[in-house]
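Student: I have a new structure open and would like to learn how to read it with care. Could you take me through it feature by feature?

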Amino acid sequence: MSVTGNAELKPESGSLTHLQRLEAESIHILREVVAECERPVMLYSVGKDSAVMLHLARKAFYPSPPPFPLLHVDTTWKFKAMYDLRDKMAAESGMELLVYQNPEAKERGINPFDHGALHTDMWKTEGLKQALDKYGFDAAFGGARRDEEKSRAKERVFSFRSASHRWDPKSQRPELWNLYNARKNKGESIRIFPISNWTELDIWQYIHLEDIPIVPLYFSAPRPTVERDGMIIMVDDDRFPLKPGEAPVTRSIRFRTLGCYPLTGAVESEAATLPAVIQEMLLTTTSERQGRAIDRDAGDASMEKKKQEGYF
Amino acid sequence: MATAVENSSYQVQDLIAEDIDAYLLQHQHKSLLRFITCGSVDDGKSTLIGRLLYDSKMIFEDQLAALESDSKRVGTQGQNIDFALLVDGLAAEREQGITIDVAYRFFATEKRKFIVADTPGHEQYTRNMVTGASTADLAVILVDARKGLLTQTRRHSYLAHLIGIRNIVLAVNKMDLIDYDQSRYDAIVEDYRSFAASIGIGAFTPMPISGFIGDNITSPSDNTRWYTGPTLIQHLENVELDVTAARAMPFRMPVQWVNRPNLDFRGFSGLISAGTIRPGDPVRILPSGKTSTVRRIVTQGGDLEFAVAGQSVTLTLADEVDCSRGDVISIAENPPEVADQFEATIVWMADEAMLPGRPYWLKLATQTVTATIQAPKYQVNVNTMEHLAAKTLDLNAIGVANLQTERPVIFEAYGDNRTLGGFILIDKITNATVAAGMLHFSLRRAQNVHWQALDVTRDKHAELKNQKPAVLWFTGLSGAGKSTIANLVEKKLVRMNRHTFLLDGDNVRHGLNRDLGFTDADRIENIRRVGEVAKLMTDAGLIVITAFISPFRAERQMVREMMKSGEFIEVHIDTPLAEAEARDVKGLYKKARAGALANFTGIDSPYEAPEAPEIRIDTTSLTPEQAADLIVEELLK
């Protein structure tokens, strides 16, 4: 069963489903950028939203491969399973994979244990700006959704950035119908969010119907864990500093969102299939980003501030 | 207080818990409705949206906890939950307690998924409402039952109708605060009915609600037994979608991108804006008018037997016909029109006012062309719907004007096809989106004036004179030395037996342009006419020298685009303002400083220096003689 097929639709009657509409809108956005921008790139973070975005890109340009590279802004602290899927998907899609690691962060040994917020700032925010400047990309696709967070609900699909990568929420271009203004001056760039109008449930359902490969960490399995600040953290490699005498505990866990493994909280779960994961998601009562330490550090306007500074 | 969560008609938690596969099957068949809510600052708009999200379980426990603590801290509802806080996003507006932009919210019922555009009721934000309404199938117009129709109610209704929304809901809110008084409700509906008819809204759906209490939102309220119509959710679940209605229209697909993975495959990718299509259907490519038939409808999941409005597809055709981005593939027997002059409604969205005559980028579907707008025929007062005389349009102004595109555009009246009738205007220098527009019809003139082919060509004229035609376009501040240097250049060229003509700013204003003043709009028209004259002279084989301040980049660019490539040579006579003012040959700076001359370039009207002129003359280091030599040398190089 796939979303694009017209199995239950007739030319005269029947509505397109919401997933068919969302898919058509995202494909339209992806094609507009390729037609109007000089050097687009797709930010690929290997999470479920990236998986859907990549899948849509392959559909949009089929039978051609998507005519832009994938860029992974790497922190060197992602889960092993993410690196595996990243390399597999790049090979399968026939797209060039660019991996960028901020050399300064690398040299200074910036890590999530010793450096707190600086870790995200240097590896992700700074790393992303450096990578975009290095390759001269004028348009970058990101997998953010408007239902994730309040400031994102107001961001445009085409989000304009100054030459210093800043976002000004007060002077966004009006976006009417499906007419996107991709014009910009030299040095300026645009972030494009093709899945702006998808919700978390839409993403899961689409992965389910289209059988899109995702990192196995989204499914429950027995994994080695420790507890830190009330979060269950998976011990993914031997860089994890255990306390004296501490040994990882095997728990049945899965992840609702994926990032740097030492910063990503797991949930205890038995959901090992997609329908079970969706069921759990619909019945739980905490929102998705709750598992990420990044949103919490500056009160309720934290994400908006980060975005103004250039975070995706 | 009745908690709507308990009696919600779309409680699905049990199904999710008992049979997730059945739930997923149901969810995957939902359709999608986009709507907007409009109301004044205190009409309870954010509360209503917060209520819809809350009732459909789109609020998680952690968000709810944050909402409860926020409600107590900054809320306006005492100890009760202030749903509005859930909806008002950006930090700056939190403190002001108003919504300042378009925000999109999501919720779903058993039958549909919904995207709500939350648009502000604030006076100065017409552009946000038009933006939110442009993608909506339906508009909910909120009225405070205590206050009845307000100026803003009329404005929002007018805008919703203008943008082509067919389904209007009149939600009479805060019924709890008037004790569910039916006669008061009826009076408001009657008021609205006569107003709606006066602006051309044929039908609308009124309902008495309370976003705060939850009356008639998801289930019929016991408080309004006299009301027998649908609840808000029932209505939202059942109205016809625009995308479904568009299927009955003739097939149109603007081409976004040509897909050529190899020499054997050539596909045309686009989003179908109207109609349906099957392999074998005869189609026509616009603007060429060539015909072919559809061979395949290609998707990654396999070829389709048919496709409908709202789907993104790739078509292949049976014949090798020219077709590229900007073209429209249409059903063969009923194609859209092609024209270059139109009447349109324009909504101005930028701080800088519209400049009649200035070239803007016009983007319509996948076509981007240069367009100029004439002075508006009238502006609409959005509060009274009166037509007012206007010379321009300011931020948030709406008016009707004729416009002209530099090449023909494939279009349909906005009322027939939003995709082929809706456009945006983009400033050529700042790249900002400055306006939205809706085409009404093409002007007959474009169809009747044909280009007369001439037997003596421009090449023949140039050949006779034994020279390459060109325009030396001098630009610079008043008193920079343009006329002096231009005169010297012409004398030198004539001595070299070149055929030249000098168009001087002051002289032209005595004749050709004596009807023009010095407002921005008149300056643009002045330059446009001079550009056209210079172009005719280059067609005659002449070397044209022009000496005009020509302060705006956009107009110099317009003239550049009129000329044959390589024939436009921009000469920046670069004299600092202080130096020009010190010289003040004609005494004009003194007059301007004294306030006796308005719109004087450099004093109270800007000069936009060229960014990359072909020739730049620094008059502080060159004499006029040296400057003229340098220009002649560059020209004949």
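Tutor: Let us begin with confidence, since this is a predicted model. Over residues 1–11 of chain B, pLDDT stays under 50, and for that stretch the model has 25 contacts beyond four places in sequence.

Student: What should I keep in mind where pLDDT is low?

Tutor: In such places the predicted coordinates should not be read in detail.

Student: Where in chain B is confidence lowest, and where is it highest?

Tutor: The lowest mean, 34, belongs to helix H1 (residues 4–7) of chain B, whereas strand S7 (residues 252–254) of chain B has the highest, at 98. For chain B as a whole the mean pLDDT is 87, and 88% of its residues reach 70 or more.

Student: Next I would like to understand sheets. How do strands of a sheet pair?

Tutor: Strands of a sheet pair through backbone hydrogen bonds, and the pairing is either parallel or antiparallel. A parallel case in this model is an open sheet of 5 strands in chain B, whose order is S25-S26-S24-S27-S28. At its edges are strand S25 (500–504) and strand S28 (615–618) of chain B, each of which pairs on one side only. From one strand to the next, the twist averages 15 degrees.

Student: Which residue is the bridge partner of B:Phe474 in S26(B)?

Tutor: That partner is B:Ala547. The two strands concerned, S24 (residues 470–475) and S26 (residues 543–547) of chain B, pair in the parallel sense over 5 bridges.

Student: Which strands does helix H18 of chain B lie across?

Tutor: Helix H18 (residues 520–539) of chain B lies across S24, S25 and S26 of chain B, and runs at about 155 degrees to S24(B). Helix H19 (residues 553–562) of chain B lies across S24 and strand S27 (568–574) of chain B, at about 150 degrees to S27(B).

Student: Why does B:Ser478 count as buried?

Tutor: B:Ser478 counts as buried because its relative accessibility is 9%, and the cut-off for buried is under 20%. Leaving aside neighbours within four places in sequence, B:Ser478 is in contact with B:Ile549, B:Ala580, B:Leu588, B:Tyr589 and B:Phe600. B:Gly479, by contrast, is partly exposed, with a relative accessible area of 27%, and on the same exclusion of residues up to four places away it touches B:Ala580 and B:Arg583.

Student: Is B:Asn396, with its positive phi, buried or exposed?

Tutor: B:Asn396, whose phi is about 70 degrees, is buried, with a relative accessible area of 11%. B:Asp179 has a positive phi near 55 degrees, but this residue is exposed, with a relative accessible area of 67%.

Student: How many residues of S21(B) are buried?

Tutor: In S21(B), 10 of its 14 residues are buried, so the strand is mostly covered. Strand S16 (residues 337–348) of chain B pairs with S21(B) in the antiparallel sense over 10 bridges, and B:Glu343 has B:Asn402 as its bridge partner in S21(B).

Key
Residues numbered from 1 in each chain as written. Chains lettered and ligands numbered in written order. Predicted model: local features only at pLDDT ≥ 70, side-chain atom pairs only at ≥ 80, totals over all residues. Heavy atoms only, no water. pLDDT = per-residue confidence, 0-100. Helix = DSSP H or I, 4+ residues; strand = E, 2+ residues; numbered from the N terminus. Contact = heavy atoms within 4.5 Å. Pairing = 2+ DSSP bridges. Axes fitted to C-alpha atoms, helices over the stretch in contact; angles between N-to-C directions. Buried < 20%, exposed > 50% of the residue type's maximum accessible area, 1.4 Å probe, protein only.
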